[in-house]
Amino acid sequence: MNNFSILVFGASFDPPHRYHIEILKSAIREIKPSKVIIIPSFLSPFKTSHFADYRHRRKMIKMLLEKNNLKFQIDDFELKKKRKTYTYELARHLKNKHKKAVFYFLMGSDSYNLIKKWKRHKEVLKTFKIIVAQRKGYEIKNKKNILILKGKFSNLSSTQIRNRILNDDYSLIDSSIKRYIKKNSLYFSKMIKDIKKIQTRKRFNHTISTTIGAIELSKIYKADTLKAAIAALLHDITKDMELSKQLKIIKRSKMKVKDLEELSVKAPQIIHQWASAGYAKLKFKIKDKEILSAISKHTTGDKKMSLLDKIIYIADIQAMDRNFKEVKMIRRLSLKSLYLAYNKAREAKMKYIRKKSGFIYE
Ligand SMILES: [Fe+2]
Ligand SMILES: [Fe+2]
């Protein structure tokens with residue numbers, strides 16, 4: 001009887017946190033494996049990108065596991081592939097490498113409930129014995145042939161933690177991970193520090209709310225999440241500045257604005273969209289055209305709007321600090337159809353401008 005057992009734990013670790021440690025410790029207690037293998041994902045099949053690079057996520061999970069006195073190995077299988085990797089490929093790789101081992105694969109109930117969507121999931125289930133950690137809010141749908149860890153685990157998610165970091169709140173993460181994040185400017189921590197210095201508190205809160213919304217929309221509509229986050233973080237960066245300063249930034253950054261002179265008299269409140277794009281270029285060294293475009297169209301919109309342009313426009317207009325009549329409807333629509341949400345948002349904005357007898361820029 002072969003009793004060499006391997007516990008496999010793969011995740012994004014973006015960043016790693018208490019929940020990862022809790023479930024791993026519990027699984028080790030339960031199975032007493034001969035070996036623990038950690039697989040940081042290079043790019044999950046369900047994501048367009050991670051927030052931190054592989055090497056940073058790898059370092060952070062290593063630090064956290066060592067701090068918790070856990071014995072483990074990291075397998076860089078996914079890094080070597082340098083592309084989206086499926087779990088069945090990992091299964092083949094591990095079976096090949098450790099021919100006689102019995103494999104256990106650890107995951108949360110949120111992932112397990114989606115296992116039928118995994119490519120060649122039957123092969124995965126053949127290779128691995130599945131151990132599931134019950135996560136609050138994700139009742140395990142099919143309990144057949146799996147091992148369920150005793151107890152419930154904290155509901156902490158990396159998304160939650162990243163959203164806190166956007167607010168400069170590190171209370172949910174380990175102190176060494178916090179230091180690492182700051183030292184390496186991960187999760188936009190440096191950019192956030194700079195933004196906080198420039199914006200008023202109220203504007204900063206709006207910026208963060210817009211950013212969290214833009215990230216969510218980018219996930220739903222498969223847009224580039226990192227670009228969405230950067231565009232949202234910088235979309236109002238010059239809004240608290242004097243108009244004369246905004247105009248100078250536009251000039252220095254060579255942003256092209258139709259009828260700028262007329263606009264700065266008739267609609268000075270919209271100038272900040274070009275000034276912010278210019279400032280992103282000059283001070284934050286953003287060269288990406290899609291990001292700059294989304295910033296420079298976020299107030300007026302445009303006849304041609306890319307996916308990212310629309311995401312920033314909508315995330316801005318439906319941020320949590322907004323309370324105009326149609327906002328709830330736009331928020332609901334944005335989860336179903338970006339097209340409908342954009343049209344509704346534009347219509348609401350036009351109505352508002354007309355009511356105020358304002359200037360419509362087209
Ligand atoms: Fe704005
Ligand atoms: Fe805004």
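**Exercise 1.** How far apart do the C-alpha centres of domain 1 and domain 2 lie?

*Solution.* This is a predicted model, in which local features need pLDDT of at least 70, side-chain atom pairs count only at pLDDT 80 or more, and totals for chains, interfaces and linings use all residues. Residues are numbered from 1 along each chain as its sequence is written, with chains lettered from A and ligands numbered from 1 in the order in which they are written. The domain assignment, automatic or from a database, gives domain 1 (5-156) and domain 2 (199-355). Their C-alpha centres are 38 Å apart.

**Exercise 2.** Describe how helix 11 and helix 16 cross.

*Solution.* Helices are DSSP runs (H or I, at least four residues), numbered from the N terminus. The axes of helix 11 (residues 225-234) and helix 16 (residues 307-317) come within 10 Å, crossing at roughly 45°. Axes are lines fitted to C-alpha atoms over the stretch in contact, and angles run from 0 to 180 degrees between N-to-C directions.

**Exercise 3.** Which residues make the contact between helix 11 and helix 16?

*Solution.* With contact taken as C-beta atoms, placed from the backbone, within 7 Å, helix 11 contributes K227, A228, A231 and A232. Helix 16 contributes L308, I311, I312 and A315.

Definitions and conventions: Helices (H or I, at least four residues) and strands (E, at least two) are DSSP runs, numbered from the N terminus. Two residues are in contact if their C-beta atoms, placed from the backbone, lie within 7 Å.
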